[in-house]
Number of protein chains: 4
Amino acid sequence: MLSFLNDYSEGAHPRVLQALNETNLESTVGYGQDEYCEMAADRLREVFACPEADVHFLVGGTQTNLVAAAAFLRPWEAIVAAESGHVAVHETGAIEATGHKVYVMPNENGKLTPAAVRRAVGDHRTGVEEHMVLPRMVYVSDSTEFGTIYTRAELQALRDVCRELGLLLYLDGARIAAALTAEGNDLKPEDFAQLCDAFYVGGTKNAMLFGEALIIVNDDLKPFVRNVIKQRGAMMAKGRMLGVQFEALFRDDLWLETARHANAMAQKLAQGLKDLGAELYMASPTNQIFPIFPNRVVEALRADFRFDFIAPAEGDRSVIRFCTSWATPEENVDALLRAVKEQLSRN
Amino acid sequence: MLSFLNDYSEGAHPRVLQALNETNLESTVGYGQDEYCEMAADRLREVFACPEADVHFLVGGTQTNLVAAAAFLRPWEAIVAAESGHVAVHETGAIEATGHKVYVMPNENGKLTPAAVRRAVGDHRTGVEEHMVLPRMVYVSDSTEFGTIYTRAELQALRDVCRELGLLLYLDGARIAAALTAEGNDLKPEDFAQLCDAFYVGGTKNAMLFGEALIIVNDDLKPFVRNVIKQRGAMMAKGRMLGVQFEALFRDDLWLETARHANAMAQKLAQGLKDLGAELYMASPTNQIFPIFPNRVVEALRADFRFDFIAPAEGDRSVIRFCTSWATPEENVDALLRAVKEQLSRN
Amino acid sequence: MLSFLNDYSEGAHPRVLQALNETNLESTVGYGQDEYCEMAADRLREVFACPEADVHFLVGGTQTNLVAAAAFLRPWEAIVAAESGHVAVHETGAIEATGHKVYVMPNENGKLTPAAVRRAVGDHRTGVEEHMVLPRMVYVSDSTEFGTIYTRAELQALRDVCRELGLLLYLDGARIAAALTAEGNDLKPEDFAQLCDAFYVGGTKNAMLFGEALIIVNDDLKPFVRNVIKQRGAMMAKGRMLGVQFEALFRDDLWLETARHANAMAQKLAQGLKDLGAELYMASPTNQIFPIFPNRVVEALRADFRFDFIAPAEGDRSVIRFCTSWATPEENVDALLRAVKEQLSRN
Amino acid sequence: MLSFLNDYSEGAHPRVLQALNETNLESTVGYGQDEYCEMAADRLREVFACPEADVHFLVGGTQTNLVAAAAFLRPWEAIVAAESGHVAVHETGAIEATGHKVYVMPNENGKLTPAAVRRAVGDHRTGVEEHMVLPRMVYVSDSTEFGTIYTRAELQALRDVCRELGLLLYLDGARIAAALTAEGNDLKPEDFAQLCDAFYVGGTKNAMLFGEALIIVNDDLKPFVRNVIKQRGAMMAKGRMLGVQFEALFRDDLWLETARHANAMAQKLAQGLKDLGAELYMASPTNQIFPIFPNRVVEALRADFRFDFIAPAEGDRSVIRFCTSWATPEENVDALLRAVKEQLSRN
């Protein structure tokens, strides 16, 4: 059974695991206040060119998003997100469980547009504001749930509309490395720090055992975040695990290398599928691709491959997702392409 | 300045106020455990033909809705509502502040359809249920935010889809009397008790100083609701105020008389506007009507009349709302029609 | 059955009710933005000598307290209260339901002391602050749950310790009028505004049908409180009811007159009981007194009187509470004294 | 710098880490639904003799406790805990952030007694229940925050009082292995499953990188816990990390071996200190001991050792904590004893 199910099917990149092995018996203070976390935070501040930023290491993405909501928002403030946004769809109402509404807008290619943000705010500035939530934080992810990426101009435009309307811009970077290494990307690491009030850099989906780094650039958002992290059960006792892993992942730019491989595998797969005449639901330059196959093909592929079902499509077809990772062997891609070819040829 | 702003611009119907005056110096126990609340609850159980129902008296609609959410739902459960639903739009995220998501669907004439409910549930039964909220309670209001009403068949169909999908049906009856007395209505009071798991009967918008009666039919939802009411700051010390008012409002079916008057005034206005060639955004048989006027007319009317702005419309026009109540004098309707006629004639 | 159960057994003072009657058919805007609320707010700002304060009218005390917690605190911040404080004991966890801890300390005569506040803060400043809640708001009530009152020096000392330790001082004035008119009181209305960051003035327990006025003096606490009020279901549609009542209650200092009567009745009762040799659990100069009676007497009194059981006491005795109000007739006090005398003489 | 600061200063036991290394490149499904989690859950059900129990793997203790509160309690229900309990003191109000009150009672040797539970419930069953929270879940930990342990009779007595009073019994087993291997312990693993409705088995403080196993015995508490886990950001994407580690820790009873070592080191230290004439704040048979030293000694020890300050003590002294772990070398204990001896001799 070959897995194209997600980018967290395997453990950590060997160099990340090696760092855990090497430091295993060292004795350090807990709760992320050790020197490894400090080194990793410094390295992230350097890579993202935000020397004054606060960096917090967390275990997972939903956790990071809910900590951000709890720490950054007041009770009457809401998040604006694409209707496909992770916080809107796939977190079991984690944001609402902190008391905040997620107000959703249609996406364009998985992305939130400045026009949508403007409309979302307009929907709530109608003269009866106190009867409505106050949109306060814009949530975007790069790459998006559909594997698409923001251009620098797009992110700048979101920044501009946020500034104009008094909104915070928060970016979920669970797959930020996939975005940064994608064909067509023109964002640099430092752009995220310049354009966002806060964002997180994903490790779980990019070759760490687990770990996300929340980077807070806006000074107003910095105080008491560790208290929220503890309150939400998100503070690791052996917090150095996060620092050790991030330090290893960012040494010699391993984080980009792992992401580049994942992207390359997915793009080889995408090209191969297109060559076979398969339709893609949305063009994605990163490590998630979304072919539309006849249901018959989908079922047949399940015998040997793991992948996600996304949605039914017209004509007895389905949109599915193939997701690659730093660990996806090229031969698995080849095997999948062969299998698809065989199935499609049976038409 | 004549008000068509809402149906809570005045105090109480004189007979309701009279009851408060007459009982004012009596000494009773507090927190709604007095005999007036008991009498009123009995009367409501009789009118709605649900002798076994629990009846709780609350102060306002948002409060009632949030108590229902807190009492009836578990943390991972969500409400399904029309995107125009009061809980979705006009309660400053009150439901989310109890930790629950409101999942919105497009409305048809302000109403939620069984197909929309089915789609909402389908959106969350995708094989990754534990990553998504669980739709559990369907929220509808009758009359709706647009003044439209459900037919018996429509409410029955919602009941059926709820039963099939394991959902609770909750009806916000802030304007239930307006619905029951509207032309075209074929629902009877007892239908609400038969079709809903819980619903509330509005007093604030129907001639009481304040007050809503939450009627819980489904036995599973009955325990500990008073605890939630107290916890949410919704339990009146002098709770008998609610019983006294409801008892007065339901004596000799005053509640229907007041609603009939409100409807009649709005319908006279609607007919008058149509006679003047004005367009209505949505046909409503109750006490809220939604004309579309040139902005010039809207502005001119503001000099002498209070009303709500709803939304911009095409061609330099706006949708506004005229709302009538038990207290709206017919001469105010006449005055408004004259003013509209004059303004429209200036075209 | 004569009631000494609480100070909210009757309706409103006739002059308060009269004001509701007189204004009943007037048409005003809703949600407390009418001229009556404005007048009442102005009057309260005048009486409490805080011309810059924000004044919000709410329905009940628990509601007011939970709105204050939700509006004034960040998620990791806690309230410090006496273990007998209303927020700690009698609100079904309303504060916790907004996500905040109430940290309790022993009381002295029902009162919180600066030493207790200092100790509470010390308990949380131990070098692991982020693992503990941050005490942020001190909750006191005047009069207290035991009917006792703060002296000016005591409240000043709490103010001082709060300033020193970076805490907000919030005063629950459900019975502030009883405190202000008690023998031994040396606080003036303006002192509350000078010493507290926010406080509320109770109407429900002092001759209004319902209503509390939240007065916010500290500028930092003012923004967005109306949003919280709406979100917590605490905004009355016919909000003017609150303004009308407060305006009537504060006209010609009726609020002090009603409280003075309540106090006088309780103190007559206390003196009478002492004359009969009865023991009082705690000396209270306000409208709540706490005799300790043999259980036999308690039971016998229940035949004709309503009152609260507080706690068992040594020697087959019980602490009970007699509570008087603006509406307690002197003959009821006399009747109660006669009954107690008769019961005690049966010893 | 030698660490006696806590039992999570190092990484994982080599055999645990080895298991992570060996399985690192395997591809499995995510979110704890892999075969390693299944194996580990089976093993825990076997060890604790609860074949029908649900087992969920979480990352940390605060997280596990808050998931239990959110999943097991309704909004008006409260936890009863010792005032020293972790949920009461060291979780930044995590339980309150889920909306629930923690009602604290004095401890005896760090333990909650049946009498205290009975009193806590009695405090809330006073005839005004709906104005108070409803105590519903008793929280205990074994070993306790002071390193003490429950006897079987004590835990049975808690079980009995819980059953009598309609309470759930929840046990925080962050250090359950330390308890089970302590001198004087007469509880067996199966006792926890028989006596508790739910409990968790700690891995973080017992040689895992991280990980706690929540074991739910009471059928009523089982449904939808995974949804809560996801909602609270507590579901690991690469969830198998937890299964792999627990499986390794429980193979050949490594979990008891690691705990035995930690206990032995602490007890050697305790005996050594007693031999030196040092006073212990509380007798503890597990891996945490609490000597009382002159402040001068405390300060001097800080030069070479890490440990926790607990509280000031009489006579310019302090209570501190020495905590040992599976990884504490015996020579560190010897070094600490030598240093204490030297400091004390300087008196």
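**Cysteines and chain contacts**

In this predicted model, a search of the whole structure over all chains returns zero disulfides. D:Cys37 takes part in no disulfide, and the nearest cysteine sulfur, which belongs to D:Cys50, lies 16 Å away, whereas the rule for a disulfide asks for two cysteine sulfur atoms within 2.5 Å. D:Cys37 has a relative accessibility of 3% and therefore counts as buried, the cut-off for that class being under 20% relative accessible area. D:Cys323 is likewise in no disulfide; here the nearest cysteine sulfur is that of A:Cys37, a residue of chain A, at 20 Å. With a relative accessible area of 1%, D:Cys323 is buried.

The mention of chain A leads on to its interface with chain D. How many residues does the contact take from chain A and from chain D? The contact draws on 46 residues from chain A and on 46 residues from chain D, and the area buried between these chains is about 3800 Å², with carbon and sulfur atoms giving 55% of it. Within chain A, the residues that lose the most area to chain D are A:Tyr8, A:Gln231 and A:Lys238, which together account for 17% of what that side buries.

As for the interactions across this interface, zero salt bridges are counted between chain A and chain D, while the rule for polar contacts finds 27 residue pairs, both residues being at pLDDT 80 or more. On the side of chain A that touches chain D, two or more residues come from each of helix H1 (14–23), helix H3 (61–72), helix H5 (94–97), helix H10 (225–231) and helix H11 (240–250) of chain A. Sorted by class, the residues of that side are 20 nonpolar, 17 polar and nine charged.

Between chain B and chain C the count of salt bridges is zero, and that of residue pairs in polar contact, both at pLDDT 80 or more, is 27.

Definitions and conventions: Residues numbered from 1 in each chain as written. Chains lettered and ligands numbered in written order. Predicted model: local features only at pLDDT ≥ 70, side-chain atom pairs only at ≥ 80, totals over all residues. Heavy atoms only, no water. Salt bridge = Lys/Arg side-chain N within 4 Å of Asp/Glu carboxyl O. Polar contact = N/O pair within 3.5 Å; in protein donor to acceptor, adjacent residues only side chain to side chain. Buried < 20%, exposed > 50% of the residue type's maximum accessible area, 1.4 Å probe, protein only. Contact = heavy atoms within 4.5 Å. Buried area = accessible area lost by both parts, 1.4 Å probe. Helix = DSSP H or I, 4+ residues; strand = E, 2+ residues; numbered from the N terminus. Nonpolar A, V, L, I, M, F, W, Y, C, P; charged D, E, K, R; others polar.
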